[in-house]
Amino acid sequence: MHIAVIGSGYVGLVTGACFAEFGDDVTCVDINAEKIARLSTGHTTIYEPGLDQLVARNLQAGRLRFTTDIKQATEGASVIFLAVGTPSQTDGSVDLSFVETAARAIAAHMNGYKVIVTKSTVPVGTGERLRRLIREHQPAPVDFGIVSNPEFLREGAAINDFMRPDRIVIGSNDEETIPVMRDLYRPLYLIETPFVITSLEGAELIKYAANAFLATKISFINEIANLCEQIGCDVHDVAKGMGMDRRIGSKFLHPGPGFGGSCFPKDTLALSAIAREFSCESRIVDAVIDVNERQRRAMVPKIEKLAGGLRDKNVAVLGLAFKPETDDMREAPAVDIIRGLVERGASVRAYDPVAINEARKVLPGIEYAADEYAAATGADVLVFVTEWNQFRALDMTRIRGLMRTPRIADLRNIYEPSEARSAGFEYVGVGR
Ligand code: NAD
């Protein structure tokens, strides 16, 4: 099948490369010419394990190409995916301008029946809105179908999540699009991936409801963690005891500095805005957002208390990306934490295995270290912000020797408190 993917960021690039791997003929489009130039030479623009090889292989096989020319991509495709960004506006509602610009461009170049699929996370009603917009902008009427096919991949595990998803959600109010979408996902059908076929609006809501539910689990366990700190028990025991109940499940019950990233903060805000638009309450989601903001704000005071003040202190920060195995710094807790530390008079030296280049763009004024040990040298506190695997087995005797004062603020509970203390550190975690 001939596919165009509009938007070649985290989702668009993975989607394009994976469909090419399934054997489809894929054209990835982006307005960022620099990005397209790099991708055309087989160099990926984001850090995502396995993506380099997947892109290079399919580029070489001639199944994957990159362009800034949306006309050429539209004309050559029977299915067009929209994978552009849908950021938050100041009132929490979704900025659909990228989606609408792309839809207008598709409308202008439609040379025959196409299935237009939103992979971007878009508010309920967007699909039908795009139908009207495209009709208005077609030079002459050409029939087309609209589908919502939300994406559930996780950065850092995106290829596996795309190739082996828990389910494929397909929403459409145009019956004739369903066989096309089923055909497209045939390789996953063959490995018995379940399909949820629903209305356009149903699919649009599934994505927000799923993300808001995961965010709820995180805020819930963070609230329990704060209670554990007051009671004097360990949130990990509580989470373990809860998670063994199969109705609850153990995933997303990890306490920490609050959720970040390009999805949960914006999608919870968007769901709240969607509920308002439909005159419904969203009290749980609103509480999830509120608890998360409080959790994020509580991290700098936690570090300050451990350090006995931050003025003229050296703080080593390990982990900058919003989660391990990605270089994505969007809404990363490290950004607010580092800004807060600097505001209170600390000098920060940070290290991340892959996100330093991205971090420099949002955190220009701090020092970056070549590795964990260089970051820890002369530090008064070592703060773990992202739980990269390589941070789990550091030489703690060496770290202690390098630090000015051996203190650890472990915002991801990477280390056992008793072990850290017996290794000579003052230690504080989250909820233990
Ligand atoms: P991104 O910012 O990494 O990529 C978006 C790309 O679209 C950019 O490269 C941008 O230059 C390009 N673009 C913008 N307007 C364009 C236009 N008119 N024509 C062509 N290209 C254009 O964003 P992302 O993280 O890939 O997210 C895309 C969508 O997928 C969002 O709606 C997001 O909520 C959703 N989503 C993201 C994830 C994730 O983990 N990142 C997971 C599931 C869903």
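This is a predicted model: local features need pLDDT of at least 70, side-chain atom pairs count only at pLDDT 80 or more; totals for chains, interfaces and linings use all residues.

**Ligand site**

I started with Lys266: an N or O atom of its side chain sits 2.6 Å from an oxygen atom of the ligand, a polar contact, meaning a pair of N or O atoms within 3.5 Å (within protein, one must be able to donate a hydrogen and the other to accept it, and residues adjacent in sequence count only if both atoms are side-chain atoms). Numbering runs from 1 along each chain as its sequence is written, and side-chain values use heavy atoms, with hydrogens and water left out.

Next I checked Arg330, which has a polar side-chain atom 2.8 Å from a ligand oxygen. Tyr10 uses a backbone N or O atom instead, 3.1 Å from an oxygen of the ligand. I then looked up the cover: the ligand alone exposes 830 Å², and the protein buries 90% of that (Shrake-Rupley, 1.4 Å probe).

**Asp24**

I found Asp24 in the loop between α1 (10-21) and β2 (25-29); helices are DSSP runs of H or I, at least four residues, and strands are runs of E, at least two, numbered from the N terminus. Is Asp24 buried or exposed? Asp24 is buried (under 20% relative accessible area, 1.4 Å probe, protein chains only). Asp24 has no salt bridge (a side-chain nitrogen of Lys or Arg within 4 Å of a carboxyl oxygen of Asp or Glu). The nearest side chain of opposite charge, Arg63, is 8.6 Å away. I did find the backbone nitrogen of Met1 3.2 Å from a polar side-chain atom of Asp24.

Methods. Buried means under 20% relative accessible area, exposed over 50%, partly exposed in between (1.4 Å probe, protein chains only). Lys and Arg count as positive and Asp and Glu as negative; His and the chain ends are not counted.
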